[in-house]
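We will go stop by stop.

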Amino acid sequence: MRSMTEVRAKKALGQHFLTDLNIARKIAYALEEGTTPRQVLEVGCGMGVLTRFLLQRDDIETYGAEIDSESVDYLHVHYPEFTPRLMEGDFLKTDLRKLFPDGVRIIGNFPYNISSQIFFKVLENRDLIPECIGMIQKEVAVRLAEKPGTKDYGILSVLLQAWYDIEYLFTVNETVFSPPPKVKSAVIRLKRNATKELGCDEALFIRVVKASFGQRRKMIRNSLRAAFDFGGEEHPFFSKRAEQLSVADFVELTLWVDAHRK
């Protein structure tokens, strides 16, 4: 294995390496403290700027998922104690249920180009993931934490907020990355809420949410009629736009769709 002093950032992987140690420390300690060790998976370890602070915490056992072989080599050299828990491969293809049957917390400086896919994977494994801390593009962070009635509120806002409480923690400037991105970043925290079941068909709920935002400038009537056949039936929400509906409203709408679709 060759000795390495740094890793080349690869545009295809959306790599922007954090260089500010204070911010890395803040992210690492944004994870809720525990009295017993809990398993944490860092997505995209890069050169270990965040990893070093996660490894300092004695209340967590840190694992890593890294798709870039050059970064993996770097981490093997500079963090040999981390090597047994570092997995080389695509996080999006990782079987979290098999690797972490008792649950895992997710953390990382997420690549911009797959951040939404990472959150969809968190959703798919919501029974396993009680907490997720992610540094992502600022406009995406704003969107995820947004409330109904705003232009930034969208599909992922609704789906994540159905099962997680979302907190926008802080903004991160472009200058603390190498290479610097063209936009600001932000750190958000997702914590699993008390919802066990939505009280409706959850697969249909996701379809209704996605269809409702399919033509977001139009009323829900137009969006849903393009996806479902209700005959001449109408729901009071049909005169609203998707961004005006809360999670509870979408649950109500899903129940109505389930009862009236042909």
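Keep in mind that the model is predicted.

**Stop 1: helix α8**

Select residues 202–212, which make up helix α8. Which of its residues are buried? They are Leu204, Phe205, Val208, Val209, Ala211 and Ser212. Now look down the axis of α8. The buried residues fall within an arc of 165°, so they line one face of the helix. An α-helix has 3.6 residues a turn, so residues three or four places apart point the same way.

Next, show what lies over those buried residues. The cover includes α7 (155–163), α9 (220–225) and α10 (247–260).

Then go to the start of α8 and select Asp201 and Ala203. A side-chain oxygen of Asp201 comes within 3.0 Å of the backbone nitrogen of Ala203.

**Stop 2: the nonpolar cores**

Select Phe119, Phe205, Leu224, Phe250 and Leu253. They belong to the largest nonpolar core, which has 56 residues, and they touch the most other members. Phe205 is also one of the buried residues of α8.

Zoom in on Leu224. What does Leu224 contact, leaving aside neighbours within four places in sequence? The partners are Val208, Ala211, Ser212, Phe230, Phe238, Leu253 and Val257. Val208, Ala211 and Ser212 are among the buried residues of α8.

Now pick Ile23, Met135, Phe170 and Phe177. These are among the 21 residues of a second, separate core.

**Stop 3: the rings**

Select Phe228, Phe230, Phe238 and Trp256. Ring pairs link them into a cluster. The model has 9 aromatic pairs in total.

Two charged side chains also sit over rings. Lys121 lies over the face of Phe91, 5.8 Å from the ring centre. Arg192 does likewise with Tyr164, at 6.0 Å from the ring centre.

**Stop 4: Ile155**

Select Ile155, in helix α7. Is Ile155 buried or partly exposed? Its relative accessible area is 27%, so Ile155 is partly exposed. Beyond its neighbours within four places in sequence, Ile155 contacts Val209, Lys210 and Phe213. Val209 is one of the buried residues of α8.

**Stop 5: Leu13**

Finish at Leu13, in the segment before β1 (17–18). Leu13 counts as partly exposed because its relative accessibility is 25%. Leaving aside neighbours within four places in sequence, Leu13 contacts Ile67, Asp68, Pro111 and Asn113.

Notes:
Residues are numbered from 1 along each chain as its sequence is written. This is a predicted model: local features need pLDDT of at least 70, side-chain atom pairs count only at pLDDT 80 or more; totals for chains, interfaces and linings use all residues. Side-chain values use heavy atoms; hydrogens and water are left out. Buried means under 20% relative accessible area, exposed over 50%, partly exposed in between (1.4 Å probe, protein chains only). Helices (H or I, at least four residues) and strands (E, at least two) are DSSP runs, numbered from the N terminus. The arc is that of the directions from the helix axis to the C-beta atoms. Contact means heavy atoms within 4.5 Å. A polar contact is a pair of N or O atoms within 3.5 Å; within protein, one must be able to donate a hydrogen and the other to accept it, and residues adjacent in sequence count only if both atoms are side-chain atoms. Rings of Phe, Tyr and Trp (its six-membered ring) pair if their centres lie within 6.5 Å; planes under 30 degrees apart count as stacked, over 60 as edge-to-face and the rest as tilted. A charge sits over a ring if NZ of Lys or CZ of Arg is within 6 Å of the ring centre and within 35 degrees of the ring normal. A nonpolar core is a set of buried Ala, Val, Leu, Ile, Met, Phe, Trp, Tyr and Cys residues joined through side-chain atoms within 4.5 Å.
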